[in-house]
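Subject: Structure handover and notes

Dear colleague,

I am handing over the structure below, together with my notes on what was found in it. Please read the notes with the coordinates open beside them.

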Amino acid sequence: MKFKTVFLGLAALSITIASCGEKESPENGGDGGSTVPSGNVEIKPVRDLNSILKNPLNGWVMYVSSTADPSYFDTEFTVNTGETVKVRDYASCFYVRAGWKKFNPEPDKYFWQIPDDPLNKLYQRAQELGLPMAFRVVVDGRDQGENTPEWVYDKGAAYWPSSGLPRFSDRKVPDVMDPVWRACYEKFIEDFAAEFNDPSKIAFIDAYGLGKWGEGHNVCYEGLEVTGTEEENGVTYPAYGDGIVSDKTAEYKKNTMEWITGLYSRCFTNVPLVINYHRQIGHPRSSGAQAQPDSEELLEIAIKNGYSLRSDAIGMTNNDWGYNDWERSFVAKWNCTGSDLVNRRPVLMEGGYIVSSHSYWNDPKGYRQGHPEDVRQGEFDESREARVNMMDFRVGDETKSWFENAFSLVEQFVQEGGYRLYPDLVTVPEKVAIGSDITVTSRWRNAGWGYCPTNIPQWNQKYKVAFALLDMETDSPVYQFVDMDTDLSTWLSSAPTSYTFDISMKSVAIGGYTWAVGIVDTTLDEGEGIHPIGIQVAVNKDSLTEDGWVKLTNVTVN
């Protein structure tokens, strides 16, 4: 390594350096009480207000049909400024919701093994674009036709027909208590995890997938109620309604919740898991303003198994099915506003309405017919109250209306939603004696309404603040010092968080370096103990290296 003393100007670093010992004040963004360690200088990185930060479990989700052409990732819209933008440029991941048979069409045969499979082509293109996949596996065939693969039924898995009409013979409802069905599903999830238990490939898993649309309601344990008859070509057939409710239902619901959340959490140890929090979770019926008495207990089983939270009905406030006070109360207990710092959970959203087909103007919120931007505003407001980390760009008219009718909300969520972390004050020495011990400090803020969920078991506090000494020519880390006492999950928008960190310079060679700070992923190693940046911070780009380190000031070790 060559050493060259090249002191960068303040404009290049986009920072403010204050003299040793200067105290912060409330007027300049400080808390009025911290003091710079002797021999250090204060550095105040300039916050970035607007850039899209594609961080894990944060930001916009791009929904893609499992049968879409990969060119869908090139979808563009013209926004109100006259600019044409790509949807993917705003997305942190892409989400596929599809039947089990799309993932696993034949026994021991999976989409990633089939070069011409549409889902594989989507996945490969997304990997090229740096977009990890998120997914939900749907098994119930009532609304979409067969979702559990036919080969599973050929093995003897039990099911019920959801219609007596011959043309709907593929609309099968699997018996989720059946041991044959469960064994096939377990094998599928185990094989899926063997290939995809990797956060560079999978952003999160919507890991329940039972019932209608896989949303976790109208789950069948004992068959469907016969509601009457229907005719076709002069022949009468039975008509079916919701699932049967009996005195065994509560037992079956709990057994199923423990089984499926235990399965996913056992197999996907490195990838976040989420479940739809709803008052009818796991119940054989879909609707009703009142929650089932065991809904909270069932969701807490999932949370105990490491699950985070997701709602499929944000912005839909009708009492029959939509998002009401029960959901608001439940999520407030577990999101970043709750009092339990250890067990809090991030929240993801999906809008409840499809504006091209739902009568959203009948919602109690008073949305105007012909004004999808009203629905987008309602979803945004409900998301902010729930403190969500991720919002949805669903296919078709939903995505179109976000960009063409509500683009200001798209930008506002980039600026305010989820977590948006940055250091607003760092102190380091500019001269260090070889072999000495030094003290550095950093103060961090979260400009988002959500939080960085380093506390979830799949992450296990893997993201940490680190200081680095960069090569002054290449900006690559030569030495790195990780502050293992930092806990990003406690950084909330209500207050800054400060750290004091002692560093031994005994292994550092004489020379000139650039101090830098960043948030690294301690589960990854680039060699010689150097961890790569894992979280992009909201600091002016002029201060950042290509890898995402915040450059602070130069230092001489002699």
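Predicted model: local features only at pLDDT ≥ 70, side-chain atom pairs only at ≥ 80, totals over all residues.

Residues are numbered from 1 along each chain as its sequence is written, and side-chain values use heavy atoms, with hydrogens and water left out.

Helix 3

Helix 3 covers residues 118-129, and its twelve residues should span 16 Å at 1.5 Å a residue, which agrees with the 17 Å between its end C-alpha atoms; the expected span is 1.5 Å times one less than the number of residues. Leu119, Asn120, Leu122, Tyr123 and Ala126 are buried in this helix, where buried means under 20% relative accessible area, exposed means over 50%, and partly exposed lies in between (1.4 Å probe, protein chains only). Seen down the axis, the buried residues of helix 3 fall within an arc of 160°, so they line one face of the helix; the arc is that of the directions from the helix axis to the C-beta atoms. Among the elements that cover these buried residues are strand 6 (91-99), helix 2 (100-103), strand 7 (133-138) and helix 5 (179-196), with contact taken as heavy atoms within 4.5 Å. At the N-terminal end, Asp117 caps helix 3 through a side-chain oxygen that lies 2.9 Å from the backbone nitrogen of Leu119, a polar contact being a pair of N or O atoms within 3.5 Å (within protein, one must be able to donate a hydrogen and the other to accept it, and residues adjacent in sequence count only if both atoms are side-chain atoms). After helix 3 comes Gly130, with a positive phi near 80°.

In helix 8 (residues 325-334), the buried residues are Trp326, Glu327, Phe330, Val331 and Trp334. They cover an arc of only 115° around the axis, which puts them on the same side of helix 8, whereas the face turned away from that buried side carries the exposed residues Asp325 and Ser329. The buried residues pack against helix 7 (295-304), strand 14 (307-314), strand 15 (347-351) and helix 9 (372-386). Asn324 caps the N-terminal end of helix 8, with a side-chain oxygen 2.9 Å from the backbone nitrogen of Trp326.

Glu327 forms a salt bridge with Arg279 (2.9 Å, N to O), where a salt bridge is a side-chain nitrogen of Lys or Arg within 4 Å of a carboxyl oxygen of Asp or Glu. This pair links distant parts of the chain, since Glu327 is in helix 8 and Arg279 is in the loop between strand 13 (273-276) and helix 7, 48 residues apart; Glu327 and Arg279 are both buried. Lys333 and Glu300 also meet through their side chains in a salt bridge (3.1 Å, N to O). Lys333 lies in helix 8 and Glu300 in helix 7, so this pair ties together parts that are 33 residues apart in sequence. Lys333 is partly exposed at 42% relative accessible area, and Glu300 is partly exposed at 28%.

Other salt bridges

By the rule above, the count comes to 38 salt bridges. Within helix 5, Lys187 and Asp191 lie four residues apart, about one turn of the helix, and their side chains meet in a salt bridge (2.6 Å, N to O). A network of salt bridges links Arg97, Arg136, Asp206, Arg310, Asp312 and Glu350.

Thr261, found in helix 6 (residues 249-267), counts as buried at 0% relative accessibility. Its side chain is joined to that of Asn305 by a polar contact of 2.9 Å.

A nonpolar core is a set of buried Ala, Val, Leu, Ile, Met, Phe, Trp, Tyr and Cys residues joined through side-chain atoms within 4.5 Å. The largest has 98 residues, of which Tyr185, Tyr264 and Phe268 touch the most other members, and its largest share, eight residues, comes from helix 5. A second, separate core of 51 residues includes Val61, Val274, Val428 and Met505.

Best regards

Terms used
Helix = DSSP H or I, 4+ residues; strand = E, 2+ residues; numbered from the N terminus.
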